[in-house]
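This report goes through selected features of one structure. The sequence and the model are shown first.

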Amino acid sequence: MGLERVSALLSALGNPHVTYPVFHVAGTNGKGSTVATLDALLRGAGMRVGRYTSPHLVDFSERIVVNGAPMSHDAITAWLTRWEPLLSDLGATFFEATTAMALSHFAEQGVEVAVVEVGLGGRLDATNVVHPLAAGVTQIGFDHMEYLGDSLEAIAGEKAGIYKRSAVAVVGDTSPEIRSVLQRHAETAGAAPILVTGRDWQVEDVRVHAQGTTFTLHAEGLSRRLTTPLVGQFQAHNAAAALAMLRAAGGRWAEVEARAADLLPGVRLAGRFHQAPPWLFDVAHNADGAATVVENLLAVGMPRPMTAVVCVLRDKDWRGIIRAVARAAERIVVTIAPTSPPNRLWDLVEVEQWAVAEGLPIERIDDFGHALAHARSEAATVLVTGSFHTVGDAMERLQVHPLAR
């Protein structure tokens, strides 16, 4: 990990990432929601917006989007064909090449602003070549510990690496201890202004319902009742963090924030409480994420009985994820998602033996298609959760397009 290769690559491309302002978002949980909110608000205000996210669910082109339109396969092929010799010479990684492709595509498409999601961590992530107008860090949790550290404080320090001198820094984590770590890193980086949840804005009276999440936002002496279509207690905090980034950026960006009540209904996030009855798709790649999925399910009250189809990568806390899902689902079908990396497949025999010993309602069906069909046969709601591979593979098989509105 490091920025040397991607910096050299972008230099050869003419440094396209300096030609437009950028909102940069990191975090263990909530960064995707915050990016989706910024994208929708800016587009709703009439701006031409580039959005870079990872990973994709069904198609690689979902990662690189301008005003809702993914980069075409022809454009992707042309870019790779042109720059492959340089990519090879530099030894660029997949994510470094993808990041450079996105940042150059945005310049070619004449975006007015880009919203960029960190891939992993922050400090050494390929996206950290940008000098953002505003950088925000959302909720911190345990994930990618082999790269980021084995404590929340260490992980927060890596995420805070996106804060830059003289750029807005937004601290969105709701834990007082982690907030103080993030704020300290922002101050050390020379970021300004620095906005912190609980100090510079407050979220209160959160109500979760099937149509989204309604909350009261107190900021700069004003109180507003707002609704985001994204479902979940933390979606109120994610939306508030996005609004803080716009508000602190000032000028035309603050004008967009002032229109939040009208623009928030346009927010969409594929694969997160994504409803296509009887299917419900919700990525949960760590135990905290799974707990949030369950809280949302219980708050909304989905039709019963519910079966969960689960596949988790071996190096994740699959035990914590299954324990969480068992709180909401009458049955859990564990399976193998076809696009799961072979070297990270979980051992279904081990999973089944553990679950039986725990007394959990587990059924093991190795074949993914059979698992989906079996789950559907006896359930009013089928939750598909676990890795991005799991949710994406199911959406592809069931012909649910991630970017469809």
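Which residue in E13 is the bridge partner of Gln 275? The partner is Leu 280. The model is a predicted one, and every value below was computed from it.

Strand E12 and strand E13 (residues 279-283) run antiparallel and are joined by three bridges. Both belong to an open sheet of six strands with mixed pairing, in the order E12-E13-E17-E14-E15-E16. The edges are taken by E12 (274-276) and E16 (362-364); each has a single partner strand, so one side of each lacks a neighbour in the sheet. From one strand to the next, the twist averages 20°.

| Helix | Residues | Strands it lies across | Angle |
|---|---|---|---|
| H12 | 318-325 | E14 (306-311), E15 (331-334), E16, E17 (381-386) | about 150° to E15 |
| H13 | 348-358 | E15, E16 | about 160° to E16 |

**Strand E7 and its partners**

Strand E7 (residues 168-171) is covered on both faces: Val 168 and Val 170 are buried on one side, Ala 169 and Val 171 on the other. Four bridges link E7 to strand E6 (residues 134-137), and the two run parallel. Within this pair, Val 137 stands opposite Val 171. E7 also pairs with strand E8 (residues 194-196), again in the parallel sense, over three bridges. Here Ala 169 stands opposite Ile 194.

**Helix H4**

Helix H4 covers residues 94-108, 15 residues in total, and spans 21 Å from first to last C-alpha, close to the 21 Å expected at 1.5 Å a residue. Is H4 largely enclosed or largely open? Twelve of its 15 residues are buried, so the rest of the structure largely encloses H4. The buried residues include Phe 95, Glu 96, Met 101, His 105 and Phe 106. After H4 comes Gly 110, which has a positive phi near 65°.

**Cavity**

How many cavities of 30 Å³ or more does a search of the whole structure find? The search finds one. The volume of the largest cavity is about 30 Å³. Its lining consists of Thr 138, Gln 139, Gly 172, Phe 234, His 237, Asn 238 and Ala 241.

Terms used
Residues are numbered from 1 along each chain as its sequence is written. This is a predicted model: local features need pLDDT of at least 70, side-chain atom pairs count only at pLDDT 80 or more; totals for chains, interfaces and linings use all residues. Side-chain values use heavy atoms; hydrogens and water are left out. The expected span of a helix is 1.5 Å times one less than its number of residues. Buried means under 20% relative accessible area, exposed over 50%, partly exposed in between (1.4 Å probe, protein chains only). Two strands pair if DSSP finds at least two bridges between them. Axes are lines fitted to C-alpha atoms, for helices over the stretch in contact, and angles run from 0 to 180 degrees between N-to-C directions. Contact means heavy atoms within 4.5 Å. On a 1 Å grid over the protein atoms alone, a cavity is a set of points where a 1.4 Å probe fits but cannot get out, and a pocket is an open set with protein on both sides within 12 Å along at least five of seven lines; lining residues have an atom within 4 Å of a point. Grid points are joined across faces, edges and corners, and a volume is the space filled by probe spheres set on the points.
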